[in-house]
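Hi everyone, thanks for coming. Please have a look at the picture with me, and I'll walk you through a few parts of it.

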Amino acid sequence: MSCNDTHKTRFVLEEKDMPTAWYNVQADMPEMPPYLDGAGEPARPEQLAAIFPPALIEQEMTKERYIDIPGAVLDILRTFRPSPLTRARMFEQALGLPDNVKIYYKYEGINASGSHKANSAIPQAYYNKQAGITKLTTETGAGQWGSALSMAGSQLGMDIEVFMVGVSYDQKPYRRIFMENYGAKVHRSPTNLTNVGRAVLETDPDTPGTLGLAISEAVEIAATNPDTNYSLGSVLNHVILHQTLIGQEAILQMELAEAEPDIVIGCCGGGSNFSGLAFPYYKRRLDGKSKARLLAAEPKSCPTLTGGEYRYDYGDEAKMTPQMMMYTLGHDFVPPGIHAGGLRYHGDSPLLSALVHSGDIEATAVYQTDCFKYALMFSRAEAMLPAPESSHAIAAAVQEARAAAEEGRDCTILFGLSGHGFFDLAAYDAYNQGKLQDFDFKTGTTR
């Protein structure tokens, strides 16, 4: 591929160029620490069968490098993929960057749900339906994952029940309405519908909720109903696998731009968005085709990778999931109610955590108000309103771009714009009115 127009801004692949297989980073990593069951023994595949279909369990465990995407899944994905990659020329100008510092972004918000989450929601719904499951339960933080699974359930004829973290349920009513429009049943978590929800409400009736708690509620419903499975929007290996379409497309698009990134950046909560963009670049680096730094950007109020411990922990508050080796702030950690609800998770993907622990991937933490400041600057320059989660990648990209400019280095930055902020206007309004506060987990201080 080549592109001789040096002023070209948008790099769009044709439908035929969309990848037809997912990249499995497990094939190119050392042996991962196993998941542990309730007895502390390595979890067996059949122990996951109460909430996951066979195909997803196999994807969770396999070390096969490429997994073919089913044709029926490709047919739906092709309605909004490949997604565009853009040179942020107007944003570069707004930042006053020199010509040798360039910023590109890969935009995942062009499907109806508005984020990258649809990339995994569609195959998860498909594999569950193939296994005879009629209903899926799930959690959602900011609402992007719940929206995506609701959309996928509507397309594939599955019932969807969503436990939405309480603080986000209150902050983002239009996300709830979106999910309900696609036929989903949405609850403010914690609820009185589950044992774990009732126990938490009895102890703390004013709790803002957490993703870990919402996961517990969704898993409890799935584990006690034979026609129901659980569907997770991040963290687990099969979810990360499905998101690698992002990075595979980005590599082709950067070739169209005749550029190679020096830094690849993505926002990070559970790890699916960042890993989807970064893991194909990890493979590219192993193949000697790239020297890119891979940088995960997380909130200072919930800095799992930069402030957590690398150890075994549960993925949910009620300890219903297997234990996973990951960076964690503790499964009972309750993060502040920041507006980037999708990043309010106590742990991270075991795959991503292992690569951060080995030094192959870097992480940084940024303040909420800095994220909104640069998100607004980006929005006004590029006419693209980012989700609060995505703004963390923007803030990290600005830091890296300005450092390169000050040092006189050539630098090409690629970041993932994981979704739009059309349902997040209340958060932007709060920022514009000076109502947002920053909280630093490490120091325990606000500013």
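Let's begin with a word we'll need: a residue is buried if its relative accessible area is under 20%, exposed if over 50%, and partly exposed in between, using a 1.4 Å probe and protein chains only. This is a predicted model, where local features need pLDDT of at least 70, side-chain atom pairs count only at pLDDT 80 or more, and totals for chains, interfaces and linings use all residues. Residues are numbered from 1 along each chain as its sequence is written, and side-chain values use heavy atoms, with hydrogens and water left out.

First, the overall view. The protein chain has 17 helices and 17 strands; these are DSSP runs (H or I of at least four residues for helices, E of at least two for strands), numbered from the N terminus. The C-alpha trace spans about 60 × 50 × 40 Å along its principal axes. For 447 residues, a compact globule would have a radius of gyration near 22 Å, and the protein chain agrees with its 20 Å. That radius is taken over C-alpha atoms, and the globule rule is 2.2 Å times the number of residues to the power 0.38. Of the 447 residues, 64% count as buried.

Now please find helix H15, residues 368-382. Is H15 largely enclosed, or largely open? It is largely enclosed by the rest of the structure, because 11 of its 15 residues are buried. Among them are Cys371, Phe372, Leu376 and Phe378. From first C-alpha to last, H15 reaches 21 Å, close to the 21 Å expected at 1.5 Å a residue; the expected span is 1.5 Å times one less than the number of residues.

Next, the aromatic rings. A pair of rings is described by the distance of the centres and the angle of the planes. Rings of Phe, Tyr and Trp (its six-membered ring) pair if their centres lie within 6.5 Å; planes under 30 degrees apart count as stacked, over 60 as edge-to-face, and the rest as tilted. How many aromatic pairs does a search of the whole structure find? It finds 14. One of these joins tyrosine 23 and tyrosine 66: the centres are 5.8 Å apart and the planes are at 50°, so this pair is tilted. Tyrosine 23 lies in strand S2 and tyrosine 66 in strand S3, so the pair ties together parts that are 43 residues apart in sequence. Tyrosine 23 is buried at 2% relative accessibility, whereas tyrosine 66 is partly exposed at 39%.

Tyrosine 428 belongs to helix H17, so the pair ties together parts 56 residues apart in sequence. Both phenylalanine 372 and tyrosine 428 are buried. There is also a cluster linked by ring pairs: Phe91, Tyr105, Phe378 and Phe415.

Finally, look at tyrosine 367. Lysine 300 lies over its face, 5.1 Å from the ring centre, and the charged end of arginine 447 sits over the ring of tyrosine 367 at 3.7 Å from the centre. For a charge to sit over a ring, NZ of Lys or CZ of Arg must be within 6 Å of the ring centre and within 35 degrees of the ring normal.

That's my tour, thank you!
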